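The following dialogue examines a two-chain complex through questions and answers. The sequence and structure are shown first.

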Amino acid sequence: MSYLYFPGCTLKDKAASAMEKTALMAAAELGLPLEEIDEWQCCGAVYPLTEDELITLVSPSRTIFAAKDRPVVTLCSACYHVLKRTRQRLAADKDARDKISSYLEEEYPGETPVLHYLELLRDELGWDALKEKVKMPLEGRRLAAYYGCMLLRPAEEMAFDNPERPRIMEDFLQALGAEVITFPFRTKCCGAYLAVTEKQVMEDASNNIVKMALEYGAEELTTSCPLCRYNLEQTPAVKEGKIKVSFFSEPLAEALNLEVQEVTN
Amino acid sequence: MQKQNNAVNKLHSEIMERSGQDFYNCIQCGKCTAGCPVLSAMDLHPREVLLYLQLGQEEKLLSSKTPWICASCFTCGARCIKNLDLSRIMEAIRVKILRPRGAACLSPGEIPKEQLEKLPQQALVSGFRKYTR
């Protein structure tokens with residue numbers, strides 16, 4: 001079975017192309033082929049939070065409608081967040097569903113599953129099978145998972161992991177053979193889009209996270225959100241090389257010993 | 001005076017309807033404020049936003065920085081013992097200001113060129129979604 005893959009705007013840009021390249025290579029290696037959705041549209045990056053706003057649901061709904069009932073897999077935390085919440089809204093809110101269906105002039109195809117790549121690894125492959133595929137275990141590497149907001153909250157809609165004590169990314173890093181560092185601010189917000197309007201507020205929020213990770217002895221923070229990565233990289237500790245930030249699929253490709261030298265970030 | 005009251009009441013019900021949140025359920029415990037990662041930049045604390053709504057003084061929220069500082073991280077909602085999603089109330093306040101103006105609280109010209117080139121697409125798309133209509 002192949003899965004539909006929704007890349008989203010940022011993974012086609014230099015900011016996060018490393019995540020796409022490494023994740024797609026690893027998926028092929030692991031027997032989980034991802035097929036990019038034709039003519040996909042940007043998900044909108046944020047989910048509309050008012051009851052009466054349907055127009056910004058149209059674009060992510062196109063992806064749900066196009067998938068029919070095949071599972072859609074995402075890498076970016078924001079795409080996962082928006083597509084999953086859109087899917088939940090279409091499933092639960094008949095009025096919204098009918099209006100969007102009418103706008104798109106398409107029948108609602110039913111409840112399309114929206115999966116994050118990490119869920120695919122956990123539920124379709126399994127951590128033990130992943131561990132067996134590892135050729136170069138990341139022994140002695142002190143890796144910390146940074147979840148941020150979009151994967152986890154709101155927990156009832158995202159249904160991804162425990163919103164306060166998640167473990168999927170730690171289990172993943174453990175399967176790669178790394179020494180996993182669990183630190184208190186791994187689910188705290190990096191400042192998100194305040195990077196555009198309130199740079200200092202974002203830098204303060206990100207700085208708290210990076211300093212805590214350092215205090216707990218992490219040498220690398222790993223994330224699936226391009227904006228989290230960018231924000232965390234604006235902090236003095238990262239700029240001075242005391243700690244680095246990677247996409248979760250980079251240590252994955254490394255542990256699978258995949259040739260990824262063409263990736264520049 | 002009557003006219004002003006009507007306008008205020010309209011704003012009050014708009015925020016309740018658009019957010020889908022019954023803010024009278026808030027018991028002012030302050031967990032939203034305690035967990036907010038960007039609290040230090042706010043002029044009204046998240047708990048105070050709910051308090052002013054309960055007191056019928058919602059016009060104070062229209063001139064506050066707080067809805068524009070909120071990063072929609074959903075931590076307040078995750079911790080609310082009354083299951084209120086404050087991020088939706090912040091959005092209802094933002095759209096109240098943005099929709100009628102059809103204008104922007106952010107324009108590309110305001111972003112320094114050097115920063116504009118560095119920011120990932122995701123930052124720009126989400127920023128413009130939140131600060132313009």
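Reader: What ipTM and pTM does the predictor give the complex, and how does chain B score in pLDDT?

Author: This is a predicted model, in which local features need pLDDT of at least 70 and side-chain atom pairs count only at pLDDT 80 or more, while totals for chains, interfaces and linings use all residues. Residues are numbered from 1 along each chain as its sequence is written, and chains are lettered from A and ligands numbered from 1 in the order in which they are written. Chain B averages a pLDDT (the predictor's confidence in each residue, from 0 to 100) of 92, and 92% of its residues score at least 70. For the complex, the ipTM is 0.94 and the pTM is 0.96.

Reader: Which element gives the most to the side of chain A that touches chain B?

Author: The contact joins 35 residues of chain A to 35 residues of chain B, two residues being in contact if their C-beta atoms, placed from the backbone, lie within 7 Å. Elements are DSSP runs numbered from the N terminus: helices (H or I, at least four residues) and strands (E, at least two). On the chain A side, those that give two or more residues are α9, α10 (199-215) and α11 of chain A. The most, four residues, comes from α9(A).

Reader: By class, what residues make up that side of chain A?

Author: The classes are nonpolar (Ala, Val, Leu, Ile, Met, Phe, Trp, Tyr, Cys and Pro), charged (Asp, Glu, Lys and Arg) and polar (the others, Gly among them). The side of chain A that touches chain B has 23 nonpolar, six polar and six charged residues.

Reader: Which elements cover the buried residues of α9(B)?

Author: A residue is buried if 20 or more other C-beta atoms lie within 10 Å of its own, exposed if 12 or fewer, and partly exposed in between. In helix α9 (residues 121-131) of chain B, the buried residues include B:Leu124, B:Val125 and B:Lys130. Their cover includes α7 (86-101) of chain B, together with α3 (77-92), α9 (194-197) and α11 (226-232) of chain A.

Reader: In what order do the four strands of the open sheet of chain A run, and which are the edge strands?

Author: Strands pair if DSSP finds at least two bridges between them. β7(A) pairs in the parallel sense with strand β5 (residues 142-145) over three bridges and with strand β8 (residues 244-247) over four. A:Thr222 of β7(A) stands opposite A:Ala145 and also opposite A:Ser246 in β8(A). The order is β6-β5-β7-β8 (chain A), and the edge strands are β6 (179-181) and β8.

Reader: Are the residues on the two faces of β7(A) buried or exposed?

Author: In a regular strand the side chains alternate between the two faces of the sheet. On one side of β7 (residues 220-223) of chain A are A:Glu220 and A:Thr222, and on the other A:Leu221 and A:Thr223. All four are buried.

Reader: What distance separates the centres of the two domains of chain B?

Author: The domain bounds, which come from an automatic or database domain assignment, are 2-102 for domain 1 and 104-133 for domain 2 of chain B. Six residues of domain 1 are in contact with four of domain 2. Taken over C-alpha atoms, the separation of the centres is 24 Å.
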